[in-house]
Amino acid sequence: MKIDTLIINGKVFNSFNQTFESKDIAISDGKFVRVDTNLKYEAKKTVDAKGQYLIPGLIDSHMHIESSMTGPANFGAVAVKFGTTTVVADAHEISNVAGLQGLKDFMNQSSVVDTFYAIPSSVPSTRPDMETTGGIIGLSEVNELLKDKRIVCLGEAMNFKGIVDEPDSLIRQIIRLCQNKRPTMPLEGHCPKYTGEDLAKFVASGITSDHTFQAPETMLERISNGMYIQIQKKSLSKENMQTIVDHNLYEYVGFVTDDVMADDLVHGHLNMIVQKAISLGLPAEKAIYMATYTPARRMSLNDRGAITPGRVADLIVLSDLNEFTISKVFKSGVSVSDLPSQRADFPKYLETTVHAKKFTKDDLILKSSQDLVVANIMAVNEHGTFTKHEKMELKVVNGVVDWQSVGLSLLVVQERYGKNGNVSFGLVKNTLKKSGAVGTTWAHDHHNLMVMGTDLDSMLSVQHQIIDQQGGYVVAEDDKITANAPLIIGGIISSEPVEILAMKLKQVREAMNRLGYVNFNEIMSFSTLSLLVSQELKISDVGMFDVKTQKKIPLFD
């Protein structure tokens, strides 16, 4: 028998007993043909593994390609080098911008990484009366997507109130449609901080996973309620890894990236999550299992996740197991270094999605006829993306609310799809401390134009630049633009190589740091001030909302 590739002298990971075995691997037509000792085949190419470790390609079962601010082609070209060979992408970012057509155009982009998709369940993340989006994914759109074989799950359902308290909400109707059309399809969830009866109601809807921040007690409660846990970077801790070991949770927990920005992507992808988990005490064999076989089984991707006959020949060669040092990656039996490049070819309409008027200084002045106002404040947490709802008394000087003298930042969200011209205002604590502003069209999840600043001239400069270039991240210091990362495709995706985008995003971070913004991920912290499903007080073009109750909160009481 003639084969394409024979890999000899390797320590091959057996996914079914989670051990390594000294075996050879035969590959033909992109599939594993045989895994055994002393294989004797006539091969076009023979690779001597020299005693290195051979494991399946990594499978990221919950991620957003757009979070890297790239398209599938540029993302895949980088991620595959770090051993990610399959992803399940929830492309609700481009869907919020451009609806079903935008999603289809995104899904039709090429990639060296096998890309399966989730049905975006959060377009919008809440309701149209709470946030304006460029597109809406409703029942007819979901029904059409269910016919696509690339769809393997329902994307993260985030509208907690709609899920647990409103039986006829759009998200509940979407869930029922999926259950009727594809009864065994996984329904993915997003339920931060919810426990007890709230969690039970959430699970009762049919949702069976959670990828938000976890602690030992939340993992155990969720798993005991039948949920699958997806561990991302922020949930990596010694306590969580030890809980997985102590309770033998390897079948119910997998590793995911969720959001990896371009300036992080150039350094690694899912491999960094696995490496960190091992360093925190998780046995290497179990970490590999949770990044390959467990997610494959969760998503019913039964042709991958293990090195065994008939499965897709995705594998990683590790020179050091515990350090998770990658020396070579094969995609469908072909060395990554030999793979052809993929082309990004988005349609032109996605380059003109920012339709907003330029502000004047008078548009940004907060006026009041009172002498004193009580403001509802968004207090930013330095260690995550949650905020706290606080109140603060502010003086009114000559009819203008004085928010600057008490160290607050002004936040403005402007509807940018040309639908209604909405503009809303918020006041934010613990962000910018010097004269300047930051703005973006990458505002989770409605992706309207959002600008935050401590002086109005800088805010105007940022807003005008974003409109002129049709999206991106822009920072101004003392009214001088010092960092700019254009995102011209839908206002959320760069047309440039990942390495160039990474450099520009690094400059954005550094400029935000100089202005005093402190967070483990400054850009994501800012971009999620508009995420109406991430606690506690967030903002859209319609106004500020209490996340749990979905009650609209006025700027001034």
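**A walk through the predicted model**

The largest pocket holds about 830 Å³ of space. Its lining is made by 38 residues, and those closest to the pocket centre are Gln232, Lys233, Thr257, Asp259 and Phe520. Helix 10 (270-279) and helix 2 (92-107) each supply at least two lining residues, and helix 10 gives the most, with four. A pocket here is an open set of points on a 1 Å grid over the protein atoms alone, where a 1.4 Å probe fits and protein lies on both sides within 12 Å along at least five of seven lines; a lining residue has an atom within 4 Å of a point. The volume is the space filled by probe spheres set on the points, which are joined across faces, edges and corners. Helices are DSSP runs of H or I with at least four residues, strands are runs of E with at least two, and both are numbered from the N terminus.

This is a predicted model, in which local features need pLDDT of at least 70 and side-chain atom pairs count only at pLDDT 80 or more, while totals for chains, interfaces and linings use all residues. Residues are numbered from 1 along each chain as its sequence is written, and side-chain values use heavy atoms, with hydrogens and water left out.

The record, an unreviewed entry, places "domain: Amidohydrolase-related" at residues 53-335. Over that stretch the chain is 36% helix and 20% strand, with 16 Å between the end C-alpha atoms. The record, also as an unreviewed entry, places "domain: Adenine deaminase C-terminal" at residues 385-550. Residues 385-550 are 22% helix and 33% strand, and their end C-alpha atoms lie 18 Å apart. UniProt positions are given in the numbering used here, feature names are shortened, and annotations may be inferred rather than shown by experiment.

Next come the charged pairs. Side chains of opposite charge can pair when their charged atoms come close. The whole structure has 28 salt bridges, each being a side-chain nitrogen of Lys or Arg within 4 Å of a carboxyl oxygen of Asp or Glu. One of them joins arginine 509 to aspartate 263, with the closest N and O atoms 2.5 Å apart. Because arginine 509 is in helix 14 (residues 498-514) and aspartate 263 in helix 9 (residues 262-265), this pair ties together parts that are 246 residues apart in sequence. Both arginine 509 and aspartate 263 are buried; buried means under 20% relative accessible area, exposed means over 50%, and partly exposed is in between, with a 1.4 Å probe and protein chains only.

Another salt bridge links lysine 361 and aspartate 457, whose closest N and O atoms are 2.9 Å apart. Lysine 361 sits in the loop between strand 16 (334-335) and strand 17 (372-380), and aspartate 457 in helix 13 (residues 456-469), so this bridge ties together parts 96 residues apart in sequence. Lysine 361 is partly exposed at 38% relative accessibility, and aspartate 457 is partly exposed at 34%. Arginine 127 and aspartate 129 also meet in a salt bridge, at 2.8 Å from N to O. Arginine 127 is partly exposed at 26%, as is aspartate 129 at 48%. Elsewhere, Asp114, Asp303, Arg304, Asp314 and Lys331 are linked in a network of salt bridges.

The backbone has some details to look for. Most residues other than glycine have a negative phi, and most peptide bonds are trans. The bond joining valine 123 and proline 124 is cis, with omega about 5°; proline 124 lies in the loop between strand 8 (114-119) and helix 3. The peptide bond from histidine 444 to aspartate 445 is also cis, with omega near -20°. Aspartate 445 is in the loop between strand 22 (436-440) and strand 23 (449-453), and histidine 447 lies in the loop between strand 22 and strand 23 as well. Histidine 447 has a positive phi, near 55°, and is buried at 0% relative accessible area. Lysine 50 also has a phi near 55°, but lysine 50 is exposed at 70%. Its place is the loop between strand 4 (42-48) and strand 5 (53-56).
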